[in-house]
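Look at the structure below and keep it in view while you read. The paragraphs after it go from the whole chain to a few of its parts.

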Amino acid sequence: MIKDFFFSVLPPSFISKLKSIYYFRYTLPKYVEEIKRIDYDRLKPSQFYNREIKKFDIIIYDTAFPNSISGFRFAEFNALLKEFKNAKVIVDPKDYPQFNQKHETHKNDILNLRKTYPVSYRKTFPGTAKDIKNTKLVYCIFLNNMYDSLPYVEKNKINFIFTLYPGGGFDTKDPLALKKLKTVLSSEYFKGVIVTQQLTQDFIAEELNCPKNKILNIFGGVSPQNSMKATRVRRYNNTMTLQVCFCAAKYTEIGADKGYDIFIETAKILAAGGHDIHFHVVGGFDSKVISIEGFEEFFTFHGLKRHEELQAIFLEQDIILSPNRPFVLNIGSFDGFPLGTVVEAVLNGATPVVTDELKQNTVFSQDEIIIVKPDAKEIALKIEELINNPKLLNLISKKAQKKFRKTYSNDYQLYKRIDFIKKHINDTRN
């Protein structure tokens, strides 16, 4: 009643202006949000794209796409969605908290995908593993994703292959992880697995009796190609401040699995030694994770970065230090060698100084990568050698960059995967 009385005593022209202001301030934003919601919901698997294609060649199930913090996943899935006409990816974005992001961020990533990869956008559907059906083949990366989708794959009698990356539920000693892996590998619909480390192949073949003819071993992993032709101007000499970086996700209190504690200890040793040096930290770490009191001037913390933001940082780094350790997250957990962040840094010209406690390196020679023990004093000595020999540092940088560009090229990584997937699509008789 108050509103009606208010409108009855005001001039019509003034009332019209009030309504216009109200519309643009309150009503229109609600419409915009509703449009965004409809646009996101439109992508549910029950909508038009599913009706357009009666049976898909391949369905990918994932829990983080298209989050570009996971650069290797972003690159691989976009390539697969482009390669296979009758394909889609179903995404249950439950892994977003691992990137310190809310599930709702997935909506924004979907809308960004529309601008950057319209073909992938059309084929990307929020959903769950229950939506897996009407396809010749299912594909996942990581054990947990494959295990979670297995009941629906088997219910609908669909063949599947997956990539068994380190992490993502894969553990060589944990009983629950082993149970999951045995269940997946023993399914009658299991047709093949891609492994990225010789250690993984040996384990599943020797310990779990996985037939070797079902294993495709491709060292490394798919990598975004934007740094393949990066132009590096910086070459270190004794008149410059040495730039050393650390880049990893934070999964434990002090990042012990990635060796963040070792990195900080190494940095303090080198800084205390009077070297002209600066340290960069990229990822979910800040100055409070481990105290750097008294050494603050030697550090820059960049925070979490999307993959496309890393190049600008890495082009200015002389060394990427990755002192990660196995069996920290769990009794049988381990990282791939080298970490994806190391790959990106080396593609941009940084010299890799890394640990390899499980002897996973089967590709790089000692003049292409520097392997150290996870010991701060030893690492500090090795970096001091490089400070005193800039020519050696720059030589390793050039050789490493050349080898990494070959090893992580699409020719080596991606096309082998595509051929493997095509083979199993063609072999399907569903």
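This is a predicted model: local features need pLDDT of at least 70, side-chain atom pairs count only at pLDDT 80 or more; totals for chains, interfaces and linings use all residues.

Helices (H or I, at least four residues) and strands (E, at least two) are DSSP runs, numbered from the N terminus. Residues are numbered from 1 along each chain as its sequence is written, and side-chain values use heavy atoms, with hydrogens and water left out.

The secondary structure of the protein consists of 15 helices and 13 strands. Of its 430 residues, 52% are buried, where buried means under 20% relative accessible area, exposed over 50%, and partly exposed in between (1.4 Å probe, protein chains only). Contact means heavy atoms within 4.5 Å. Among contacts between residues at least 6 apart in sequence, 72% join residues at least 24 apart.

Turn now to an open sheet of seven strands. The strand order is E3-E2-E1-E4-E5-E6-E7, and the pairing is parallel. Strand E3 (124-126) and strand E7 (215-217) stand at the edges with a single partner strand each, so one side of each has no neighbour in the sheet. From one strand to the next, the twist averages 20 degrees. Two strands pair if DSSP finds at least two bridges between them. Strand E5 (residues 159-164) and strand E6 (residues 190-195) run parallel and are joined by five bridges; Thr 163 has Ile 194 in E6 as its bridge partner.

Lys 214 sits in the loop between helix H9 (198-206) and E7. With a relative accessible area of 25%, Lys 214 is partly exposed. Lys 191 is 23 residues away along the chain, yet the C-alpha atoms of Lys 214 and Lys 191 are separated by 6.5 Å. Leaving aside residues up to four places away in sequence, Lys 214 touches Phe 190, Lys 191, Gly 192, Val 193 and Phe 420.

Next come two helices that meet. Two packed helices are described by the angle between their axes and the distance between the axes. Axes are lines fitted to C-alpha atoms, for helices over the stretch in contact, and angles run from 0 to 180 degrees between N-to-C directions. The axes of helix H7 (residues 143-155) and helix H8 (residues 175-185) come within 10 Å and cross at roughly 60 degrees. H7 and H8 are therefore oblique to each other; angles under 35 degrees count as roughly parallel, over 145 as roughly antiparallel, 65 to 115 as roughly perpendicular and the rest as oblique. In H7, Leu 143, Asn 144, Met 146, Tyr 147 and Leu 150 meet residues of H8, namely Ala 177, Lys 180, Leu 181, Thr 183 and Val 184.

E11 pairs with strand E8 (residues 242-248) in the parallel sense over two bridges, and Val 244 has Ile 319 as its bridge partner in E11. Four bridges join E11 to strand E12 (residues 351-355), also with the strands running parallel; here Ile 320 has Pro 352 as its partner in E12.
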